[in-house]
Amino acid sequence: MTDTLVQRTRAHIKQNEKPLDFPYPDGKGKITAGAGFLMDDRSSFMKQSWEIRDNNGTRQASEAEKEAGWQALQKAGAEQKEGANNRAETYEKTTPLRLPEGEIDAQLNQKVYAHMKAAQKEVGDVAWNKLSEGQKVALTDIHYAKGSLNQFGELKKNLQTGDAKMIAAESGFHSGENPD
């Protein structure tokens, strides 16, 4: 894996995920921030490098402020689970907690690298090495969003057989042709 491929994939995911620096409950009520970073348990939420941005400037959030944010988001998440289906921006003022951009980028780099390696393992080295850089970016994006390629059995089969036409037909993940 080259640094260029990781950076290209990171840019692609940022374009599609549109990272948000504030925490919010996703459509299933799971607490999320950054570029789709799931932090749905208290421990992972509290470990984040949250900042407080207010009229006094920017500073590191205290443990009490993180806890207050977690509690507010649990209430908001329960509403999402009940079918509110609000957009992420609805929750921007739920808490003053924010993830620094550098932290979002660092976490995204780690996640992109991990998902790229996992996608390569799932399709096999032989098939992976035959893919163009753009195809590797697309596969990593699918893996990033879904956590695996398990839902894409036909795509994996076509990757292993090298059927380029079928690979293209099966990989319209963000195009709406194969919506999640």
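Predicted model: local features only at pLDDT ≥ 70, side-chain atom pairs only at ≥ 80, totals over all residues.
**Overall make-up**

The protein contains eight helices and six strands, and, read from the N terminus on, its elements follow the order α-β-β-β-α-β-β-α-β-α-α-α-α-α. Of its 180 residues, 39% count as buried. Among contacts between residues at least 6 apart in sequence, 61% join residues that are at least 24 apart.

**The sheet of E1, E2 and E3**

Three strands form an open sheet in the order E1-E2-E3, with antiparallel pairing, and its edge strands are E1 and E3 (37–38), each of which pairs on one side only. Strands of a sheet pair through backbone hydrogen bonds, either parallel or antiparallel. Strand E1, which covers residues 20–25, is mostly covered, since five of its six residues are buried. E1 and E2 form a hairpin with five residues between them, and in the turn glycine 29 has a positive phi of about 85°.

The loop between H1 and E1 holds lysine 18. Is this lysine 18 buried or exposed? Lysine 18 has a relative accessibility of 56%, and because residues over 50% count as exposed, lysine 18 belongs to the exposed class. Although lysine 18 and glycine 34 lie 16 residues apart along the chain, their C-alpha atoms are separated by 8.2 Å; glycine 34, which is in E2, also stands opposite leucine 20.

**The sheet of E5, E4 and E6**

Another three strands form an open sheet in the order E5-E4-E6, and here too the pairing is antiparallel. Strand E5 (57–60) and strand E6 (97–98) stand at the edges with a single partner strand each, so one side of each is left without a neighbour in the sheet.

| Strand pair | Bridges | Facing residues |
|---|---|---|
| E1 and E2 (31–34), antiparallel | three | leucine 20 and glycine 34 |
| E2 and E3, antiparallel | two | threonine 32 and leucine 38 |
| E4 (51–54) and E6, antiparallel | two | isoleucine 52 and leucine 97 |

Helix H6 runs over residues 133–146, and at 1.5 Å a residue its 14 residues should span 20 Å, which agrees with the 20 Å between its end C-alpha atoms. Just after H6, glycine 147 takes a positive phi of about 85°.

Which residues of H6 are buried? They are Lys136, Val137, Leu139, Thr140, Asp141, Ile142, His143 and Tyr144. The elements that cover these buried residues include helix H1 (3–17), E3, helix H4 (101–123), helix H5 (125–130) and helix H7 (153–161).

Two packed helices are described by the angle between their axes and the distance between the axes. H4 and H6 pack at an angle of about 105°, and their axes are 8 Å apart. Because angles of 65 to 115 degrees count as roughly perpendicular, H4 is roughly perpendicular to H6. On the side of H4, the contact is made by Leu108, Lys111, Val112, His115, Met116, Ala118, Ala119, Glu122 and Val123, while H6 contributes Leu139, Thr140, His143 and Tyr144. Sorted by class, this contact of H4 with H6 has eight nonpolar, three polar and two charged residues.

Definitions and conventions:
Residues numbered from 1 in each chain as written. Heavy atoms only, no water. Buried < 20%, exposed > 50% of the residue type's maximum accessible area, 1.4 Å probe, protein only. Helix = DSSP H or I, 4+ residues; strand = E, 2+ residues; numbered from the N terminus. Pairing = 2+ DSSP bridges. Expected span 1.5 Å × (residues − 1). Contact = heavy atoms within 4.5 Å. Axes fitted to C-alpha atoms, helices over the stretch in contact; angles between N-to-C directions. Parallel < 35°, antiparallel > 145°, perpendicular 65-115°, else oblique. Nonpolar A, V, L, I, M, F, W, Y, C, P; charged D, E, K, R; others polar.
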